[in-house]
Amino acid sequence: MKKLFVKTYGCQMNVYDSDRMTEALELSGYAPAASPADADMILLNTCHIREKAAEKLFSDLGRLAPLKARKRRDGGKLVVAVAGCVAQAEGAEILRRAKTVDVVVGPQSYHRLPALVEAAENGERPVETEFPAESKFDQLPERGRAGVSAFLSIQEGCDKFCTFCVVPYTRGAEFSRPAQAVLDEARDLIARGARELTLLGQNVNAYHGAAADGGVWRLGRLIRALAAMPGLLRLRYTTSHPADMDDALIAVHGDEPKLMPFLHLPVQSGSDRVLQAMNRRHRADDYRRTIDRLRVARPDIALSSDFIVGFPGESDDDFAATLALVRGVGFAQAFSFKYSPRPGTPAAVRDDQVPEPVKVERLAVLQALLNEQQARFNGGFVGRSVDVLFEKRGRHPGQLAGRSPWLQAIHAAAPDARLGSVATVRVATVEPNSLAAVLAEEAA
Ligand code: 5AD
Ligand code: SF4
């Protein structure tokens with residue numbers, strides 16, 4: 001049997017896409033390879049959002065060249081495919097620059113991957129970066145295995161055009177899957193063992209899927225329908241835009257217990273001037289009001305966010321406004337990045353770029369504050385009872401690992417029979433990346 005090795009860069013959308021591509025290739029006779037050296041095919045699923053993604057890809061590809069040469073010397077073959085947002089952005093340029101590459105496939109064409117790989121096995125070097133008329137979701141094979149916690153992609157692309165972001169260019173226009181297709185995939189995942197679903201989309205709360213009743217469902221409505229499914233214990237969704245937090249979605253946080261009390265809601269900056277230059281379509285106070293309303297609906301909700309420091313033109317005062325917003329809201333965790341100019345985006349050509357040392361300094365200050373908030377949030381759980389959905393074996397024998405409602409990683413000594421179910425545990429200590437706990441019945 002032929003073997004496939006997949007390397008995934010970037011976001012959860014890519015993790016989901018890698019799974020779907022793997023499933024499609026399994027049907028064409030590929031089994032998972034333990035390492036690149038064992039593989040007959042290597043798939044690199046790339047990300048273009050920050051940093052020098054293309055450079056990283058080409059250096060990884062450079063390392064694959066000797067592997068490919070060795071395979072050929074031994075009379076074998078190694079197919080190298082590049083997928084994801086760098087594939088979309090660079091297209092045929094990748095084939096020109098890297099002789100190792102046989103297939104380039106953009107995110108909208110993954111259903112064509114088995115045919116492209118077959119062409120590559122016959123010596124062609126196909127490139128597919130169109131936005132085809134047919135939807136890949138209708139063409140990809142049904143889901144195979146499912147973990148206890150599974151991703152479900154419901155929306156792709158983005159029409160927001162934040163001035164720093166490549167997503168509208170690499171992933172294309174906003175597209176929502178029909179509600180029925182989402183419900184069918186959810187039912188299937190639950191039947192295969194999923195107990196928690198995380199709904200995915202670049203702009204997931206812009207969801208507006210055609211429904212069987214002839215109407216259009218927004219995310220709040222979809223969540224209600226999913227929550228009614230027997231066997232499903234938990235729901236989450238990511239990533240959201242503040243301007244799309246509509247009333248129905250906020251309400252469902254208050255009255256649907258399966259929807260977990262944790263929300264990743266990127267704000268990027270606390271300065272109205274910067275938010276406007278980013279084309280974010282809301283002010284800092286709009287964000288604060290949304291958070292207040294979420295907290296009224298669901299008092300124990302915890303927040304996560306993304307921040308960019310050093311956006312072109314960001315002054316000391318603008319940065320101070322970001323710190324003030326962080327202090328005011330209080331985040332359980334967050335991601336923060338130095339602004340990185342992305343070719344083809346409006347902000348990249350501004351002539352008021354912030355010097356690198358200023359970005360470094362601001363990032364350190366912001367991260368210190370966010371880390372302090374995260375430590376305070378996690379520290380508050382010591383001695384408390386929390387629910388954990390056990391997803392997998394832990395690092396040590398006899399341990400299971402899972403997540404709290406607030407997405408904290410938790411491990412505790414527990415029998416395998418507990419996998420896939422929610423248990424109450426007492427938190428003992430906070431470790432760097434997780435909480436150590438004991439089953440409540442044993443702690444009593
Ligand atoms: N520079 C820095 N960070 C960026 N992000 C997106 N584009 C850029 C960029 N050009 C960050 C945003 C977004 C997250 C996924 O990545 O914070 O929310
Ligand atoms: Fe990018 Fe998100 Fe803005 Fe869309 S809403 S352009 S994905 S940052």
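Predicted model: local features only at pLDDT ≥ 70, side-chain atom pairs only at ≥ 80, totals over all residues.
Figure 1. A polar side-chain atom of Asp-306 lies 2.6 Å from an oxygen atom of ligand 1. Arg-50 also contributes through its side chain, where an N or O atom is 2.5 Å from an oxygen atom of the ligand. With Phe-164 the contact is made by the backbone: one of its N or O atoms is 3.0 Å from a nitrogen atom of ligand 1. On its own, ligand 1 has 400 Å² of accessible area, and the protein covers 88% of this.

**Figure 2. The shell around ligand 1.** Strand S15 (302-309) and strand S16 (333-338) are the elements that give two or more residues to this shell. The surrounding residues are Ile-49, Arg-50, Phe-164, Gln-268, Asp-306, Ile-308, Phe-337, Lys-338, Tyr-339, Ser-340 and Arg-342. Sorted by class, the shell has 5 nonpolar, 4 charged and 2 polar residues.

Figure 3. Gln-268 has a phi near 75 degrees, a positive value in a residue other than glycine. The residue is placed in the loop between strand S14 (262-264) and helix H11 (272-277).

**Figure 4. The shell around ligand 2.** Three cysteines, Cys-158, Cys-162 and Cys-165, are among the residues around this ligand. By class, the shell has 7 nonpolar residues, 1 polar residue and 2 charged residues.

**Figure 5. The cis peptide bond between Thr-238 and Thr-239.** Omega of the bond from Thr-238 to Thr-239 is near 0 degrees. Thr-239 is found in the loop that runs between strand S13 (234-238) and helix H10 (247-255).

**Figure 6. The second largest pocket and its lining.** The volume of this pocket is about 410 Å³. Its lining consists of 20 residues, and those nearest the centre are Lys-392, Ala-401, Ala-409, Ile-410 and Ser-434. Two or more lining residues come from each of strand S17 (385-393), strand S18 (399-403) and strand S19 (409-413). S18 supplies the largest share, with 4 residues. The class counts for the lining are 9 polar, 6 charged and 5 nonpolar residues.

**Figure 7. Domains of the protein and the placement of the second largest pocket.** The domain assignment gives domain 1 (2-128), domain 2 (136-379) and domain 3 (385-443). Between domain 1 and domain 3, the C-alpha centres are 36 Å apart. Domain 2 and domain 3 each give at least three residues to the lining of the second largest pocket.

Conventions
Residues numbered from 1 in each chain as written. Chains lettered and ligands numbered in written order. Heavy atoms only, no water. 1 Å grid on protein atoms, 1.4 Å probe; cavity = no way out; pocket = protein on both sides within 12 Å on 5 of 7 lines; lining within 4 Å. Points joined across faces, edges and corners; volume = space filled by probe spheres on them. Nonpolar A, V, L, I, M, F, W, Y, C, P; charged D, E, K, R; others polar. Domains from an automatic or database assignment. Near = heavy atom within 4 Å. Polar contact = N/O pair within 3.5 Å; in protein donor to acceptor, adjacent residues only side chain to side chain. Areas by Shrake-Rupley, 256 points an atom, 1.4 Å probe, with all protein chains shown as cover.
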